[in-house]
Amino acid sequence: MDLFKIISDIEKVDPEVYDRFDTRRRVFKHISGMGKAVTAATLPGLLGTMFNKAYGQSSNLSTEIVQTLNLALQLEYLEYHYYDTGLKTSGLIPSADIPAITIIRDDELGHINALRAVLGSQAFSPNDPTRAAFDYTAGGKLPDPFANSANFYGTGQAFVDTGVRAYKGGAPSLMSNKAILTAALNIHSVEARHSSHLRLLRRGGVSATADVTNLNAKPKSWISGTDNGGPVPAVTAPVYGAGSDANHPAESNVTQANINVQTSSTAPTGLTITAAAASEAFDEPLDAAAVKAIARNFRSAVGATAGLFN
Amino acid sequence: MSNIIKPGEDEAGFTKPLYAPIKRRSFFMYAGATAGVTALALAGCNDDSDNNSPSTPGMVDLGSGDVGVLNYAYALEQLEAAFYAQVIATPYANMTADEKTYLTAIAKHEAIHRDFFKKAIDTAAAGKTIPGLTPDFSKINFTDRNSVLTTARTFEDLGVSAYNGAGKLIKDTNYLLIAGKIVSVEARHAAYIRDLISNGSFAADDIVDANGLDKANDVATVLTAAQPFIKETISGANVGK
């Protein structure tokens, strides 16, 4: 991890980042003053401290922002431990797929670090939830995801698609802080990239076509209709269904801003805009209550005691 | 001069080239007809040009505030829709059946996005919708898989970074949600296209940083990247302001 590169990257998103760190000169003074003590191991903590100062967490964050980011943080732990367990389960992931799953696992860890950095002492728990906080069979309702790669990718898809909907649903509550909103959007689109790849793996790779009569097992790279309820409808149907109110329709929705996007669109020559295509073109947000209801399926007794997804 | 464009004027005429497959010969006609005009337009372009009242030939001003953001998205979606319409009208050599299936699906998604924005802006701010833009795909070899897919990757990653960067400019919550609904679909496209080019590059280091964050680009950066593919000169100086 290159600290200067990271700050340079942040500068592209937030040109005032140096001002937030007091002044450019002082940033470099601080960093050089730390000298050899700055290592890959200490860098995340150091970054956290700097981000906290820069974006003024704690008392400056609204309750709304804290709640939204904390739900996101808990979802990231759910995902991180999932992929991490998968990678540590010998023989589970085909060797050709290990680099991709490693990228996903590492991205989730990056998201955890970024969210914790912003939340600081207001993170939902002072300690990282461990693997023991989660039950990835949803109390036995799902097949063991660590038994074979088909199960593993299926439940993984449900997690990332839940994450995409959760970040989308949370975005409006972050509007008062532009830097945090942008960071959340930058996480949101990465979750969608993950989903696209897991879906590709599930249907059999780059040379495979989805089965539109069995989107549960062989999905497209994007959500089509409600995807027949997802990998295991008994548990995953809410991932693609409607949220808690009328503002959070199911993924099959084709009405956007009062416009029917199926009937009002002109297809490329020789093609037809189907309801499926109209639903695929827009992903739908999910409200916090609906997200938590899905996620609570995956907390163990330990997780429940810790208050995960309450 | 035939290239004078005002918002809301001659919509059908200017959008037509984008809806229909564009023949190679047509590209050259466009290129020849507009080369001189573009030079003039650039010479007459100033930074403080007023929003929504483009009087300079060949210039399109996206406007200000949320309408500017919507026009910005509309411009990018027009570009993507026109590109994919051409991709499926003239498939590259050895396009596989499943590639055709999914590139066709993406073509539909982008057409839906384009038409949604036009209608949404017409409804929210009648008369402020930018006209249909004229694509310039002269540097793309539509018969070559690599040329098509690398251009698709550029457009999709650019689109993701544009929506991510525009989020903070949006004032109306509903528009922020709409942008969020679309950007994740663009990210799904981007990941698929990247995997077609090199399987496993869906979230590679060149696009997702060490903290697992995607890019967010500002309007000027995105328009600079998009401009070579659009005949008209796009001004986004007041988008979100």
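Author: Buried means under 20% relative accessible area, exposed over 50%, and partly exposed in between, with a 1.4 Å probe and protein chains only. This is a predicted model, in which local features need pLDDT of at least 70 and side-chain atom pairs count only at pLDDT 80 or more, while totals for chains, interfaces and linings use all residues. Residues are numbered from 1 along each chain as its sequence is written, chains are lettered from A and ligands numbered from 1 in the order in which they are written, and side-chain values use heavy atoms, leaving out hydrogens and water.

Reader: Fine. How many residues of chain B are in contact with chain A?

Author: 62 residues of chain B are in contact with 66 residues of chain A, contact being heavy atoms within 4.5 Å.

Reader: And how much area do the two chains bury between them?

Author: About 5300 Å², with 65% of it on carbon and sulfur atoms. B:Lys168, B:Arg188 and B:Phe202 supply 15% of what chain B buries against chain A, more than any other three residues. Buried area here is the accessible area (1.4 Å probe) that two parts lose on being put together, summed over both.

Reader: What's the count of polar contacts across it?

Author: The rule finds 26 residue pairs in polar contact between chain B and chain A, both residues at pLDDT 80 or more. A polar contact is a pair of N or O atoms within 3.5 Å; within protein, one must be able to donate a hydrogen and the other to accept it, and residues adjacent in sequence count only if both atoms are side-chain atoms.

Reader: Which helices of chain B supply that side?

Author: α3 (65–89), α4 (97–124), α5 (145–166) and α6 (173–197) of chain B each supply at least two residues of the side touching chain A. α6(B) gives the most, with 19 residues. Helices are DSSP runs (H or I, at least four residues), numbered from the N terminus.

Reader: Is α3(B) enclosed or open?

Author: α3(B) is largely enclosed by the rest of the structure, because 24 of its 25 residues are buried. α4(B) is also largely enclosed, with 21 of its 28 residues buried.

Reader: What does B:Arg188 pair with?

Author: B:Arg188 forms a salt bridge with A:Asp283, the closest N and O atoms being 2.9 Å apart. B:Arg188 lies in helix α6 of chain B and A:Asp283 in the loop between α10 (275–280) and α11 (288–296) of chain A, so the pair joins two chains. Both B:Arg188 and A:Asp283 are buried.

Reader: Which residue does A:Arg116 meet?

Author: A:Asp128, in a salt bridge at 3.2 Å, N to O. A:Arg116 is in helix α6 of chain A and A:Asp128 in the loop between α6 and α7 of chain A, 12 residues apart. At 18% relative accessibility, A:Arg116 counts as buried.

Reader: Backbone, then. What is phi of A:Ala138?

Author: Near 55°, a positive value in a residue other than glycine. Most residues other than glycine have a negative phi. A:Ala138 is in the loop between α6 (98–119) and α7 (149–170) of chain A, and at 3% relative accessible area A:Ala138 is buried.

Reader: And where is A:Asn228?

Author: In the loop between α8 (178–203) and α9 (233–240) of chain A. Phi of A:Asn228 is near 60°, also positive, and at 38% relative accessibility A:Asn228 counts as partly exposed.

Definitions and conventions
Salt bridge = Lys/Arg side-chain N within 4 Å of Asp/Glu carboxyl O.
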